[in-house]
Amino acid sequence: MGVLCLGLRIICVKFAHSHLGLLHFPPGKSKLAETEELGQLRQYQSKFLPSTSSSSSLSSIMAARQTVMFLAVVFPLSGLIQGFQPLFSFHGKSTTHRDITQRAVLRKTAEVCRDIAASKGRDFSLTIDDSLSADKVQRACSSTGTSSSLLSTVRFQTSIANMYFSNAAVDVVFALSEEYHFDDETFERGRDVITAGVAAVKASVKLENFVAGRWTLGRVCHTLQDFYSHSNWVELGKTTPYSTLIKPDQLLENLAGLSTPTCRNCTGGNCDNNLLPDLLQQGLLTSGYFNVFSSAKPAGKCSHGGTFDQTSRQEPVGGINKDDVGSSHGSLHHKAADLAVNATMELLEDIRVAVGDKNFLRLIGLSQSSVLCFVIDTTGSMSDDIAEAKRVSFNIIDSKRGTQQEPSAYILVPFNDPGFGPLMITTNADVFKDSINKLTAMGGGDIPELCLSGLQLALTAAPQSSEIFVFTDAPAKDAHLKSTILALIESTKSVVTFMLTEVLASRRRRRSPQGVSSREMSQSDTQLYRDLARASGGQAIEVTKSSLSLATVVIEDSSASAVVVRNPGRPDHFTFTVDGSLRNITAYITGASSLTFNLTSSTGVSQSSSQSSGPLASFTTVGNLRRISLNTDNQTGSWKISVDSNNLYSVKVTGSDTVNVTEVTLCDSSGPTEVNGSLQSVGSGNFLVTFSGVPAGDFVLRLRGEDSGSTSRSTLSSFQRQASTQIKTSSISVTAQANNTNIEPGSTISIPFTVATTTNGVVNDSATGTFTVRANNDRSYTLTSPSRVTIAAGSGGKANGTVTLTAPASAASGTDVTLTIEAENAAATDINYAVLRLSVAAKVTDITRPVCQVVSSSTSCPSSSSLCASSQWKFIANLTDGINGTGIESVTIRQGNGTLNTSTVAGAGGENITVAHYSSSCCSQNVELAAVDRVGNVGTCVGQARESTTAAPTTTAAVNTTSTGGNTLIISHCLWISVVVSVLWK
């Protein structure tokens, strides 16, 4: 698994155990949206951006298990970054947003697994501390029923990476938005960012949209974590998180007023005591002001501090940030980081209670094995194909249910013409079975279908580095989406394989006697699918309908690492390294029927394509696909496949692995050009890979190294892995930014974008030209966009435009929408894009947690534990969300081994009351109930029975209950005197 990040903006690519993946690598430009105001800082950026003529860097993070690996291009712009350093501390002494997020996620995940184990009477021996790794947590959690495979560990680490890269991106996309960093004393607005984000995460999880939820969660964590670095919370002597930040129904108290001075000048560069003593004595909360363009700030106010903060040069000079150990208040950096970890865990706990343990683990990615994703043509001629899709999917479900290989989610997208969708995504295998069972082949009078529209939905819904299978027998009516699909393939690193039936050998489509075109695709129709498959590292498999069942075996082969992927279109030799870690090595060759090949092992043994079964392999041929199962026992080393064909073909070799990287290379995906990187350790398991340049055109990343994990061989052996997705260079820069990543149903959002031409990684200020602009979104929401933009003379080499996107009023909160903005030069020889993921989120109006009133509890428990099983105690409570609330959606047992039943009655004021009846044996004398309303607000109610040897008559007592909103309720109710029930609001 790995990540590749390019340029100032942190955009990342994962390459997982199933297939390595890379992103579109423009010479000097990356793909994540950037803040337009940062254009004035371009002079600082240009010296850090990679280009074909200047050095670029890859940072590889090697985790505890050798196969769990990250590669990232990072550029140390510490002066520009606000908050804890995003990803890396190059001196190794500071804690980063990556560290904070990963520690919190691992600890909270371990706690959830511990609680699940306890509820089921299982042992959980893992020590929960900051030494946890994804591998340790995943292995410990496997005893609670989750997968224990290496692939699951890799995907768990990938999911965590998604969160901390989304976290890091806030320092770029919202670099100058003070509320995202709690700068300028924006405490109310900063909490609003957290509130809206948490609501969006919970809404996404409710729709089982875990990918979107994960990215939103990362952004929310950044803002929460920055509070502890940018405010004076630590300086006030606080040792616990400020819980009010995640409880919008509580008041933010003791805020320093706008006219209240907060700082004095730092002396001699020492800012340790620049906070005013009166501020600290009164316990007033403040944060530093930050501006990269102006030194203006309110009189007497603290500044953030740092190289780019102009306000820190105006009295009172200096700053108070604790971003790293070298910051103005760097001596408090580690205390701030520890508080940020605990605060992040508190936030995760709130989400956990709202969505439940099972969905929480899915959100975090622990239970995420590969997904099963089908995009299926449902027109009249596809009945056989649909039947085969059903057969192979049902076989996968039935054979893998309850095993480590059971898919973590199921995605189905039907398409035809004039429609496509709806997208169906579920974690329930039976729901998927039911959905695919309901597919029927009908219609399709005209031949082209909306294949790419359906694929677009799948690409944006599936987790990154997924494998998607498309079934069709018709050309694409929406071929104009090709560049959009390529952009999504490159940004998601997903592999797309097409199962194409009835492809004509000739280039001319047959016609029926009546002049109506038949359903068969011509070679020119098929080429579109081949191009997309090639770009993703997938395959375009062309078979007859009667032989489709023989080709779908590739779907069951899909969880493996790529060893080599090539698409040359000429006779060539392909070498790949077989190491002791590889298992189930399979080669796939697609091409014309005239294609021949020869396989040579490391020991010099050969086998030709005329031998379907021989000393090295056995293979089958179905349509244009040759599937070759290699027998590599005791034959590690360099193998070779020689292919003889002048037509386009593809070669892909895959296998399962555990390895250690020693070499990283960029190589031309269709030729011999290679650029080797130099690998340098920077401590803490991090490695820096430096390239002197990148190949022109399309290229891929290849890893080589040693297999030190093999137990079957006494010596180290070499290994080789290659990314599936191609990287492309581009001299066009497309940057875009939405001021808000959430869009309300029925509202319109404007997204400004900028197109520029770069030379050697720097914007060419004197460039001119006209660019075709295409904007698309995967939900078919209404949008407007200019069809072209022109870089005029004297414009600084840039052209600006705006895309507007309107979410329908009926859009469900939690839905995500992916916007792609493409720019192509006038000669149609170069193209680049920006991809933005937005979330539909209804405005949060219900911020009040459910209220609990105890009705009664009964029966005393004996003091002798030997008698507890024969006695029962009961607890009854009324739970309400008020007349104006969204209503109680669920009540669950957080703690306790009893039975819970609920019913609903109408209250005197018209509100709905959920009555909770809990009963348990006296062996379990504690209960904690969690009530969640329809927008995810959580209230918890705790009851405890104390032991008694005698029974007592009933009486009336007063119990103080403290709500999560901070209000105290005096409630009278009946209970046995011998049973003391404490009801606490948390």
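1. A disulfide is taken as a pair of cysteine sulfur atoms within 2.5 Å. The structure is a predicted model, in which local features need pLDDT of at least 70 and side-chain atom pairs pLDDT 80 or more, while totals for chains, interfaces and linings use all residues. Residues are numbered from 1 along each chain as its sequence is written, and side-chain values use heavy atoms, without hydrogens and water.

2. The sulfur atoms of Cys113 and Cys141 are 2.0 Å apart, and the link is right-handed, with 110° about the S-S bond. This pair joins distant parts of the chain, 28 residues apart: Cys113 lies in helix H2 (residues 97-119) and Cys141 in helix H3 (residues 134-141). Helices (H or I, at least four residues) and strands (E, at least two) are DSSP runs, numbered from the N terminus.

3. Cys868 and Cys923 form another disulfide, with 1.9 Å between the sulfur atoms. Its S-S torsion is about 80°, so it is right-handed. Cys868 is buried at 11% relative accessible area, whereas Cys923 is partly exposed at 45%. Here buried means under 20% relative accessible area, exposed over 50%, and partly exposed in between (1.4 Å probe, protein chains only).

4. Strand E3 (residues 372-377) has 6 of its 6 residues buried. Leu372, Phe374 and Ile376 point one way from E3, and Cys373, Val375 and Asp377 the other way. Strands pair if DSSP finds at least two bridges between them. E3 pairs in the parallel sense with strand E4 (residues 410-415) over 6 bridges, and with strand E6 (residues 467-472) over 4 bridges, also parallel. Ile376 stands opposite Pro414 in E4, and Val375 has Val470 as its bridge partner in E6.
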